[in-house]
Amino acid sequence: MKKLIALLVAVMMLSTLALSALPVYAAGETDDDASGNGVYLSGEGSDENDGSRENPVATLVKAYELLGAEGGTVCLIGDLTIAEEYRALCDLSADSVGPVTLTSENDATLTLAAEGIWFPSDTVIESIHLHCTYTEFNSYLVANCNSLTIGENVTVTKAEEADGYPIIYGSGFYSFAYIDKFSNSDANITIQSGTWAEVYAGGGANGWGHVDDVPGNATVTVTGVTIGTIYGGGNGSVGGEKEVAIEGNVRLDISGGTIEQVIANGKTANAPIKGDVTVRITGGEITEITVLDHDAEAEGVNSAVEGS
């Protein structure tokens, strides 16, 4: 059945835009202390350590374990490379993880040398440098239907040989059983800084039968970044027979940044949106706003665009 996706565009481009200031922490400044709800992390640390500034741990998994269900702040104080543990956070028990803020000091760099990071809880990333070196394809930041906020002062670079800048998923991507284990019903992404290849409000599907739907609504809020493409839906491009859906409504709020494309629906016909899509643009520079006409009969594909 054909679905109507309405794009409500307030302003296409604003040359001057006054954005309300959000709280910004200097690099390394956190609300928590390592003796309380804070853990220090460094590639030169050890998971035998207690996570204090003098004795940092060496992996994100250990940092999350030390924070426990209450959550807190992980502060990177020495360069660290994520090479193999990218999904290991999701091996933690669901009742053992809480909301986490990931930040840094000492100009420390977090290098994504593998597929990326799959987050098991609500996460804020701020005041940190991410560097991509993975050569097979883009690295991912996967929210698993948790809240993922890319806060202020996040810089993203890539090595010349890297496949590209990172991709952000609101749901899961190759997440297997992690969605049922950790996720809330809604997917919420907020992006305030950084450079990103693609942003999906939904998740991804693959040819092995693993599907990462959004059970509820999905929201993407962008205030000032560089993004190649924002998709209102998901990415079902791997294994076309599997459907990766957003069961509820989608809202894309864009008030700043430089964005090549805003695509209201999913990347493929098998990434349907079951509810309505609202795209609200009040600032930023956007080259193109469109809806992909995958299949006139496919659920989640619009037959008309209003307000363009």
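This note goes through the overall build of the chain, its aromatic rings and its cysteines.

1. The model is a predicted one, in which local features need pLDDT of at least 70 and side-chain atom pairs count only at pLDDT 80 or more, while totals for chains, interfaces and linings use all residues. Residues are numbered from 1 along each chain as its sequence is written, and side-chain values use heavy atoms, with hydrogens and water left out.

2. The protein chain has 2 helices and 19 strands, where helices (H or I, at least four residues) and strands (E, at least two) are DSSP runs numbered from the N terminus. Of its contacts with a separation of 6 or more, 81% are between residues 24 or more positions apart; a contact here means heavy atoms within 4.5 Å.

3. Of the 308 residues in the protein chain, 55% count as buried, a term that means under 20% relative accessible area, with exposed meaning over 50% and partly exposed the range in between (1.4 Å probe, protein chains only). The accessible surface of the chain is about 12500 Å², and 45% of this belongs to carbon and sulfur atoms, with areas taken from the Shrake-Rupley method with a 1.4 Å probe.

4. The structure contains 6 aromatic pairs, counted when rings of Phe, Tyr and Trp (its six-membered ring) have centres within 6.5 Å, with planes under 30 degrees apart called stacked, over 60 edge-to-face and the rest tilted. One of them joins W118 and Y140 edge-to-face, at 6.1 Å centre to centre and 85° between the planes. Because W118 belongs to strand 7 (residues 116-118) and Y140 to strand 10 (residues 140-142), this pair ties together parts that are 22 residues apart in sequence.

5. W118 is buried at a relative accessible area of 0%, and Y140 also counts as buried, at 7%. The ring of Y140 also pairs with that of Y169, and because their centres are 5.7 Å apart and their planes at 70°, this pair is edge-to-face. It links Y140 in strand 10 with Y169 in strand 13 (residues 167-169), distant parts of the chain 29 residues apart. W118, Y140 and Y169 belong to one aromatic cluster that also includes Y134, F137, Y200 and Y231.

6. Another ring, that of Y165, has the charged end of K158 over it, 5.8 Å from the ring centre; this requires NZ of Lys or CZ of Arg within 6 Å of the centre and within 35 degrees of the ring normal.

7. How many disulfides does a search of the whole structure find? The search finds 0, a disulfide being a pair of cysteine sulfur atoms within 2.5 Å. C75 is buried at a relative accessible area of 4%, and C132 is buried at 1%.
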